[in-house]
Amino acid sequence: MTRRLVALPALALVLSACSIANPTSSEVSLQYGAGPFDSRKFVECETDRDVSDVNDDHYYYPKGQRDFTFGDGDGIDSAPLTSTTQDSQEIKVTGTVKFTLNTDCSQFTDPTGKVWPGGKIQMFHELIAYKYDAAPDDGGEQMQPGWNSLLRNYVGAALDRATDNEALKYPWQKLYTDAPSKAQWERDVLNQLPEVLKSLTQGVDLITINSVLLQKPGIQPGLVQGLTDKQAAELRSQAADVDKQAAANFPGGIPGYQAYQQQQAVNEAIKSGKVQVLPVPQGSPIMVSPNK
């Protein structure tokens, strides 16, 4: 019993001199040596609980799909984007990009010849995320505020360029009113976005784009009014065509149709009380006087 009592404080002392990596099933942890007797360097990539030196640091990154949302309102990652169409009209672009951080820990060599023993996730951390202070230092925590800035400067910037490039292929009305054109624009942006993003990360796919959802673009108020006026004019034209066809087929032709329309107008006026009909003896002229 005495030996056990002595061992317990010793065990507690050992544990107190350790740091523990404890990533969840949806995280990966990067361990870096630190402290007065260690050089500041990468140690290993961890996906399970691990006990290490008390001075070592751990950085946690998400596995699995994440969203980057851009638009108006609260809880949005970025403000709306703007693009210019083929006919030089500015549109407001909103939507969602679904992406996955490349958490591959397999050693690889980047295009510059540098070897990364911790894989693409180590490259992502050291070249990008560390500068933004994006990763939490404990498992199961929310990403740091710098994570949103990182997304805006990489996913958002690449998306802005891709939507600009592809919007130039369409006149604004095609993107606003034609569903097939809008869907094709969305597909074009999805196809271009990965390459644009890789151009910002030394040609390496550190972030994988899974899907792009673009909402109906916002247009200038003047264009909305113009579109409304055009639709109203088209409806008036269609109604006039219907009247012409009805008149041509009416008994008595156009004169008969006009007389019928006049009689309908008088009947409607009587029903609404706009005119007053006075009873008169048979054979006398009928007088219809408007109400004042």
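Trainee: Where does the largest pocket lie, and why there?
Mentor: First, keep in mind that this is a predicted model. Domain 1 (20-60) and domain 2 (63-219) both give residues to the lining of the largest pocket, so it lies between them.
Trainee: What volume does the largest pocket have?
Mentor: About 200 Å³. The lining counts 14 residues. R66, E141, Q142, M143 and W147 are the closest to the pocket's centre.
Trainee: Which elements give two or more residues to the lining?
Mentor: Those are β5 (57-62) and α3 (146-167). The largest share comes from β5, with three residues.
Trainee: How does the lining split by class?
Mentor: Six residues are nonpolar, five are polar and three are charged.
Trainee: New topic, the strands. In which sense do β7 and β8 pair?
Mentor: Antiparallel, over four bridges. Strand β7 covers residues 81-84.
Trainee: How many residues sit between β7 and β8?
Mentor: Five, and the two strands form a hairpin. Look at S88 in the turn: its phi is positive, about 65 degrees.
Trainee: What about the faces of β8? Which residues are on the covered one?
Mentor: I91 and V93. E90 and K92 are on the uncovered face of this strand, which spans residues 90-93.

Key. Residues numbered from 1 in each chain as written. Predicted model: local features only at pLDDT ≥ 70, side-chain atom pairs only at ≥ 80, totals over all residues. Heavy atoms only, no water. Buried < 20%, exposed > 50% of the residue type's maximum accessible area, 1.4 Å probe, protein only. Pairing = 2+ DSSP bridges. 1 Å grid on protein atoms, 1.4 Å probe; cavity = no way out; pocket = protein on both sides within 12 Å on 5 of 7 lines; lining within 4 Å. Points joined across faces, edges and corners; volume = space filled by probe spheres on them. Nonpolar A, V, L, I, M, F, W, Y, C, P; charged D, E, K, R; others polar. Domains from an automatic or database assignment.
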